[in-house]
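Welcome! Have a look at the structure first, then try each task before reading on.

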Amino acid sequence: MALTLYVDTARWRAHHKQVSEQFPGLVPVCKGNGYGFGHERLADEATRLGSDVLAVGTTYEAARIKDWFGGDLLVLTPFRRGEEPVPLPDRVIRSVSSIDGVYGLVGARVVIEVMSSMKRHGVSEQDLPHLHSAIENVRLEGFAIHLPLDRTDGSDAVEEVIGWMDRLRAARLPLHTMFVSHLKAAELARLQQQFPQTHFRARIGTRLWLGDHEATEYRGAVLDVTRVSKGDRFGYRQQKVASDGWLVVVAGGTSHGVGLEAPKALHGVMPRAKGVARAGLATVNRNLSPFVWAGKQRWFAEPPHMQVSILFVPSDAAEPKVGDELVAHLRHTTTQFDRIVER
């Protein structure tokens, strides 16, 4: 009995192929928990796609993945002096976001990130005159720009990249390769047409691995079902049941990522109102679980345990049976499954 990730492998891989065709020179991203699939699996899929570069989040991830992927590994977290040294092969490329960082990587292969409207990290326009001497002692693989997902000010992502291309060109810096993130295929094509001498390479993770929502599905197996009546006490905190129904123990708890959720940016009146409503219900221990039974998401009876969750199913719904599987709407990047089943 397990929390299972079901994958329609043929459909999933067809989506990978479609994305790779839309983005020539695609650099797949494999970071964190491997978007729910694990590093080894995504390294295999990147190899299947014929990728020559795989982007990872940290040097620690690069050290793990190097034995599973034979091409170059691009570390996305920028180098900082004083960081813990991690033994890595020469095929690892380091991202750098400061002049000092470039000077700290003598002899290394580097990609220099420029400061975008994300304002997360990157060299500034004022840094560019100082890059000439800095890059003499490194092997420059190109520049990179990481763009925001939303543009609430109505600005154009392509124009932002063009602005940086013009600055780099004016500074007489090499523009043979530019790594970009969060551009549409048509936007990438516009850039490639305008700058034919530059190879634009899109770094893509979420869109590549998780873009087809119908290709994957989480399900938790029902482990136990107990009939309860209104007023019965249950669980670690011995709360009272609000009405007649069943307590359903399902595979999937905090160790799997169930009940753990990253904050969401809410836009518009309705999403904000729903967020306020959920927060209000949580103050009285009413929390909606990700598990679905009989067409509805069911409430947690109490906070999820380490490896299981206890749900409350009211008596007006069908009784779940041990061995049934409940679909679970879980975020891939925070979920750890027990097993994966290919379909």
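## Exercise 1: a pair of helices

Helix H1 (residues 9-22) and helix H2 (residues 39-48) have axes that come within 11 Å and cross at roughly 60 degrees. Keep in mind that this is a predicted model. Your task: work out how H1 and H2 are oriented to each other, and find which residues in H1 and H2 meet.

**Solution**

Step 1. Begin with the crossing angle of H1 and H2, roughly 60 degrees. Angles of 65 to 115 degrees would count as roughly perpendicular, and those under 35 as roughly parallel. H1 and H2 are therefore oblique to each other.

Step 2. H1 brings Thr9, Trp12, Arg13 and His16, which meet Arg41, Leu42, Glu45 and Arg48 of H2. Sorted by class, this contact holds four charged, two polar and two nonpolar residues.

## Exercise 2: a pocket

Describe the second largest pocket: how much space lies in it, and which residues lie nearest its centre?

**Solution**

Step 1. Take the volume: the second largest pocket holds about 870 Å³ of space.

Step 2. Turn to its lining, made up of 32 residues. Nearest the centre of the pocket are His146, Leu149, Ser181, His182 and Thr206.

Step 3. Trace the elements behind the lining. Strand S8 (177-181), strand S9 (199-204) and helix H8 (206-210) each give at least two residues. The largest share, three residues, is supplied by S9.

Step 4. Finally, sort the lining by class: 13 residues are nonpolar, 11 polar and eight charged.

How values were computed: Residues numbered from 1 in each chain as written. Predicted model: local features only at pLDDT ≥ 70, side-chain atom pairs only at ≥ 80, totals over all residues. Heavy atoms only, no water. Axes fitted to C-alpha atoms, helices over the stretch in contact; angles between N-to-C directions. Helix = DSSP H or I, 4+ residues; strand = E, 2+ residues; numbered from the N terminus. Parallel < 35°, antiparallel > 145°, perpendicular 65-115°, else oblique. Contact = heavy atoms within 4.5 Å. Nonpolar A, V, L, I, M, F, W, Y, C, P; charged D, E, K, R; others polar. 1 Å grid on protein atoms, 1.4 Å probe; cavity = no way out; pocket = protein on both sides within 12 Å on 5 of 7 lines; lining within 4 Å. Points joined across faces, edges and corners; volume = space filled by probe spheres on them.
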